[in-house]
Structures are given as C-alpha cells and as structure tokens.
Amino acid sequence: MRSRLLAPVFAALLAAAAAGCRPPEILPPYATGQAPKPDALLGAAAPKISALQVPVAKIRIGRAPSGNLMFLAQKPGRFSGQIQIAGHEFVSLAFNERGYTLRNVAADNLPTGFFAGPPADCAIQRLLGVPFAARELVSLVLGGAPVLAPPYEVVAQSWDPRHGHEVLRLRAPGYEQELRFAFVDGVWWPAGGTLWQRRSDGELARMWSLLHEDLHPVDGTVLPRRTRLAGPSTRRQDLVIITYGAQTVDPALGSSSVAAGDDDAGWEDEDTASPPSDGEGDDGDANPPPVPADTPAATSPAEAAIPPQFTLDGAGLAPRGELCR
C-alpha cells in the first residue's frame, strides 16, 4: 500500500525537476498585436554588407576532427575558402559568376586533384554535404538568410519563445521555407531558416537548414559567432558547424589581398588558433532550390572585374577537369 502511495509522489517530483531544467521562455520584444510586418522581416533577411573576410575560424563537419577555415565572400555570388588540418591545406574552393575552381589535397569524398568548370552548385554540395546554391552560401556567410524567389505567400507568422525568434513561413510552388529573425539592439536580424521541397506524394523533404547563433555587433552590422548548417539528413554526423574567430566587414579586394590558395598567409596553426570552442549539434545530390531573392549588385557581373582572390590555380595538383559532369 505504501509503495502505491509513493509512486505518484515520485512521479510528481520527477515532473517538477524536469520542468525546472527547461530554460525560461523568452518574451517577444513587442506588445500583443504589435508583431513586425512580414514585409519588414523579409527586407531584413538579406545581409547588410557587401563582403566579409574571415581570416580564422573553426569548421567541424559531422564527427570528423575540426579544421581551420579561412574564407572571403562577396555579394551576390563570389566565394573563396580553404580548410586546413594541422596547418596543411586540406581542400580549397573558389567560385564566381564565371565558374568554379577546387583544389582537393586530402578530402576523401572526391579524387585528389584540381577541378575547374563553369558555374555549378554541385561543388558546394560535394564539399559541405549541403545542397546550397552559390548565392545562398554567400548570403548566409555574410550573415543573411537565403529567401525563396517570388512568387510566394506568407502562410504563418509566430513567436518562438524557446529561441527568442520571430518565425515566418513561406510557401511557393513546390517549396516551403521557414525564416527566423532575432531582435538585436532594436533591429530585426536574420537568425536562420529551413527550406523544404514538396515531393510528388505531397510530403515535405528538408533540403537544408541553417541557424546563426550568438549574434553580435561587428563594424556597424550584426554577425553570428557560430553558424550551424544541415542538409537533407537529420543525422548529427552530417551537421556542419562554423565558429568564427575574426570577421572583417567589407575588406578591400585589391590585387594585394590574400588569396585563399596561399598556404602561408592569413592562417593560424591548428595548435595556436583560438576562436570560440565548437558546440555540439542537435539535429546523392538534391534538386537545387529556387534562386534566393538577394539584392542585385550595383554593377552587373558581366561588367565587373573579378578579383583574383575568387579563382584558384592548380599548382602541384593533377588536373581533373570538371567535378560537376
């Protein structure tokens, strides 16, 4: 009889303890009925800067050891980055509006050698395991969140008290997207998003998700200290975590700037680099999503000279032709 009486008491104590472990809910930064308009949030999704240089960061792909990451990105679709392990080049990727170049020195998910070809998003997916288009990757590393190209409709808006985010849900033919926004110093900033593709049976299949964490002011803008990326898989080993150690907003892109293919410039050794420590994550090629509606560049790509940093050479590697055939 006594054990039967104690059972509900223990259950109540366990429930109270579990409730006490939950983080407190974050209240919205606006009064009831005063949520921001969807158009204002959508206008905040694009990055506010034109270019970003990250001379030192950490990258962890799945359960593999973390590596040093260095990259340079420029709107709307230029990128050059290199991953090093223990101070040695592991893999490098650069792309611009005319094509891509990729140096694989030691990554085991593709043959060793130098790859080059016309614009193709598959190079990004082969490197990260996430089916981002070039403009999507550039938008997110500049602190933005890629948005579906119109036409789309806003089908829901809500406040997420767990993460402290205002959440928009968009729907377009064949796709749905969730966008997250954080309120920092009185302004809404992109905090992440998820893109789903609608399958023939009507179910939604995730294509990618991203989450910007620990947003902080940097030279007049707001950038994350860490970004989590995930592709279609929900397995933790497929999660990509980028932890930024330094961020330079709108760097000069003259010919004297450091190129991502230079092994000796702009790097710290694996044993001496000291960005914030990595966190642990929670949670075949995919069809590319619609092109994000990023703000167009002031000068058309055909008229603009491409800075040399956004092209790699194949020195020391066997030519392999196109990766995306």
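This is a predicted model: local features need pLDDT of at least 70, side-chain atom pairs count only at pLDDT 80 or more; totals for chains, interfaces and linings use all residues.
1. A word on labels before we start: helices and strands here are DSSP runs, numbered from the N terminus.

2. Is D219 buried or exposed? D219 is exposed, because its relative accessible area of 63% is over the 50% cut-off.

3. D214 is also worth a look. This residue is not a glycine, yet it has a positive phi of about 55°. You will find D214 in the loop between β11 (204–213) and β12 (216–218). With a relative accessible area of 48%, D214 is partly exposed.

4. Next, the cis peptide bonds. One runs from K75 to P76, with omega near -5°, and P76 belongs to the loop between β2 and β3. Another cis peptide bond joins P150 and P151, where omega is about 10°. Look for P151 in the loop between α4 and β7 (153–160).

5. How many disulfides does a search of the whole structure find? The search finds 1. C122 and C324 are the partners, with an S to S distance of 1.8 Å. Their link is left-handed, with -105° about the S-S bond. As for C324, a relative accessible area of 22% makes this cysteine partly exposed.

6. Now for the empty space inside the model. Rolling a probe the size of a water molecule over the atoms shows where such space is left. The largest cavity holds about 170 Å³ of space. Its lining is made up of 16 residues, and those nearest the centre are I59, L69, F79, L127 and L128.

7. Which elements each supply at least two residues of that lining? They are the strands β2 (67–74), β3 (78–85) and β4 (88–96), together with the helices α3 (122–128) and α4 (134–141). The largest share, 4 residues, comes from β3.

8. The lining of the largest cavity divides into 13 nonpolar residues and 3 polar ones, with no charged residues.

Key:
Residues are numbered from 1 along each chain as its sequence is written. Side-chain values use heavy atoms; hydrogens and water are left out. A disulfide is a pair of cysteine sulfur atoms within 2.5 Å. Buried means under 20% relative accessible area, exposed over 50%, partly exposed in between (1.4 Å probe, protein chains only). On a 1 Å grid over the protein atoms alone, a cavity is a set of points where a 1.4 Å probe fits but cannot get out, and a pocket is an open set with protein on both sides within 12 Å along at least five of seven lines; lining residues have an atom within 4 Å of a point. Grid points are joined across faces, edges and corners, and a volume is the space filled by probe spheres set on the points. Ala, Val, Leu, Ile, Met, Phe, Trp, Tyr, Cys and Pro count as nonpolar, Asp, Glu, Lys and Arg as charged, and the others, Gly among them, as polar.
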